[in-house]
Amino acid sequence: MTAEPTGPVDVLVVGAGPTGLVLATQLAAFGATVRVVDRRPVPGRESRALVVQPRTLEVLRPLGVTPALLDRGDTAALVRLHLDSRDLTIPLCDLGPGDTSYPFLLVLPQAQTEAALLAHLGEQGPSVEWGTEFLAYRSDEEGIVSTLRHADGRQERARTRYLVGCDGAGSSVRRCAGISFEGAGYRRSVLLADAILDADISTDALHVFVGPHGVLGLFPTGEHAPWRVLVVRVLRPGRTATPAAEVRALADVLSGGRVRLREVAWTANIPLQRRLAAAFGSGRVFLAGDAAHTHSPAGAQGMNTGIQDACNLGWKLALSARGLGAASLLDTYAAERRPVARTLLAFTHLTFWVETADNLLVRRARAAVAPIAVPLGLRSTRLRALALRTIGQLWVRYRRGPATVEGRPRLGRGPHAGQRLPDAPLFCGQIPGRLHGALATPAFQLLLCGPPSAWDPQQLAQFRERYGGLVAVHRLSIRPDPDALYDPSGATLARLGAGNGAQYLVRPDGYIGYRCAGFDLADLQRHMARWFPRVFQARPAQETHANDARNDVD
């Protein structure tokens with residue numbers, strides 16, 4: 001073991017799954033130094049998550065990751081739902097809401113998501129230290145000293161200002177911090193298998209068979225064989241693999257004889273839990289992703305929630321490590337994300353019960369209601385949009401969060417502080433684009449709504465001098481102007497309730513941190529001074545009106 005701790009580094013991230021990789025990417029984007037360690041010798045090959053949600057694509061966009069995910073994934077996927085003798089087709093695209101560039105569920109295996117994140121992180125500089133295990137840590141006045149064990153057995157003491165556990169439900173960081181993981185395990189597990197089918201099933205869709213004996217999922221995204229098989233069944237403790245004959249029998253029974261497996265290449269059994277950490281942090285130590293909350297796979301919420309944890313924590317941690325954020329800034333992470341995790345636990349628990357309960361009454365209700373409810377839902381634009389908002393996490397908001405403020409004078413209409421900024425069409429110069437694309441840089445975004453001439457040049461110059469390294473400033477006007485985003489119809493301004501002038505300060509995670517009416521920046525400056533008293537040290541933020549316009553989805 002080294003005699004003196006190596007470092008210092010701003011943040012040590014333990015775990016190189018999607019949550020840890022996104023966290024490291026955002027930390028680097030905001031100027032923090034970071035190390036990422038993972039005890040696995042190489043990146044994981046087997047995928048658990050298969051869907052990237054719209055809100056996840058939105059929060060990753062300023063980091064420049066979203067285009068790579070779209071290139072790798074399927075943006076027009078279909079689900080074929082087989083209900084006894086009736087087959088229904090459910091599109092996962094064009095689901096309704098016009099306030100997002102991503103009105104679909106992106107089908108992309110987790111291994112591919114991780115590969116895209118790894119490639120992007122490598123372009124920024126940090127690399128993952130594979131085969132490096134986190135053992136323990138201690139705190140002192142200067143920060144955190146973590147004990148790491150490398151693949152060759154050598155131990156290292158690494159000094160960092162902060163430590164974040166993104167190391168899954170069995171988190172070593174959480175255990176060392178003494179934070180309890182409250183909840184219980186389900187009496188069910190997920191059986192995964194990769195197989196070759198001896199059946200004529202189209203490969204252009206995900207298939208779900210719902211019958212009296214349970215549910216069978218078939219996805220053309222296998223990693224050891226063409227098809228991934230998914231079955232939720234009664235937990236069998238101690239089993240890590242399942243005999244091929246047993247997998248074949250399950251597929252035959254659950255599909256009503258319509259699916260036969262020719263060859264089973266790989267299997268895994270994953271016990272399911274429903275747990276929430278008693279705290280999302282302790283001092284300079286934080287938890288994110290499955291280390292902070294874990295739940296059933298219903299609704300494809302797990303990986304996406306962890307990524308959004310990372311995008312909430314990363315910029316706060318980076319600015320705090322650089323001495324730019326107020327001492328209380330990091331407290332807002334748990335205040336905002338823990339209630340979201342609690343709500344998702346309740347949602348996934350209810351959904352999982354509806355999907356898997358083997359009570360005779362529930363089974364009969366499920367078989368009777370689904371063939372009626374699904375076609376009705378598909379025909380309704382409003383219901384499709386509601387489903388996407390719910391599953392896609394577009395509903396998440398921090399209305400009561402301490403870092404979201406309704407300024408003075410109050411703005412009577414439009415999205416409130418704490419809500420995500422809605423996307424909307426506009427022009428970036430002469431190029432048609434969308435609002436989110438124009439604001440897609442890793443920085444705070446100040447959107448000044450109204451005639452460009454209405455803003456006091458001296459106030460703007462003072463704001464840029466003090467906060468220009470942290471905030472990209474944009475103007476949005478109904479009149480064409482070379483220095484403004486152009487909303488010729490006025491629909492976007494109306495959506496923002498900004499007909500008589502408004503100010504929106506959008507946080508790096510895409511949520512509105514502050515808003516007010518009028519053209520006076522004095523109240524905004526007071527808000528900024530509270531949270532960022534030393535921003536003059538920050539590096540210049542890129543200001544752009546057309547960034548990422550080529551990647552917009554209209």
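**Cavities, sheet and backbone**

Mentor: The lining of the largest cavity divides into 8 nonpolar, 4 polar and 5 charged residues. Here Ala, Val, Leu, Ile, Met, Phe, Trp, Tyr, Cys and Pro count as nonpolar, Asp, Glu, Lys and Arg as charged, and the others, Gly among them, as polar.

Trainee: What kind of model is this, and how are residues numbered?

Mentor: The model is predicted, with local features needing pLDDT of at least 70 and side-chain atom pairs pLDDT 80 or more, whereas totals for chains, interfaces and linings use all residues. Residues are numbered from 1 along each chain as its sequence is written, and side-chain values use heavy atoms, without hydrogens and water.

Trainee: How much space lies in the largest cavity, then?

Mentor: The largest cavity holds about 190 Å³, a cavity being a set of points on a 1 Å grid over the protein atoms alone where a 1.4 Å probe fits but cannot get out. The volume is the space filled by probe spheres set on the points, which are joined across faces, edges and corners. Of the 17 lining residues, E58, P62, H436, L439 and G510 are the closest to its centre; a lining residue has an atom within 4 Å of a point.

Trainee: Which helix gives the largest share of that lining?

Mentor: Helix α2 (residues 54–60) does, with 3 residues. Helices (H or I, at least four residues) and strands (E, at least two) are DSSP runs, numbered from the N terminus.

Trainee: What volume has the second largest cavity?

Mentor: About 80 Å³. Its lining includes W315, F444, R507 and W531, and helix α14 (residues 522–531) gives the most to it, with 3 residues.

Trainee: Changing topic, in what order do the strands of the open sheet run?

Mentor: The 8 strands follow the order β5-β4-β12-β13-β14-β11-β15-β18, with mixed pairing; two strands pair if DSSP finds at least two bridges between them. β5 (86–91) and β18 (293–294) stand at the edges with a single partner strand each, so one side of each has no neighbour in the sheet.

Trainee: How many bridges join β4 to β5?

Mentor: There are 6, and the two strands run antiparallel. V79 stands opposite I90 in β5.

Trainee: Which residue has a positive phi although it is not a glycine?

Mentor: Q393, at about 60°, in the loop between α10 (381–391) and β19. Q393 counts as buried because its relative accessibility is 0%, buried meaning under 20% relative accessible area (1.4 Å probe, protein chains only).

Trainee: And where is the cis peptide bond?

Mentor: The cis bond joins R408 and P409, with omega about -5°. P409 lies in the loop between β19 (405–406) and β20 (425–428).

Definitions and conventions: Buried < 20%, exposed > 50% of the residue type's maximum accessible area, 1.4 Å probe, protein only. 1 Å grid on protein atoms, 1.4 Å probe; cavity = no way out; pocket = protein on both sides within 12 Å on 5 of 7 lines; lining within 4 Å.
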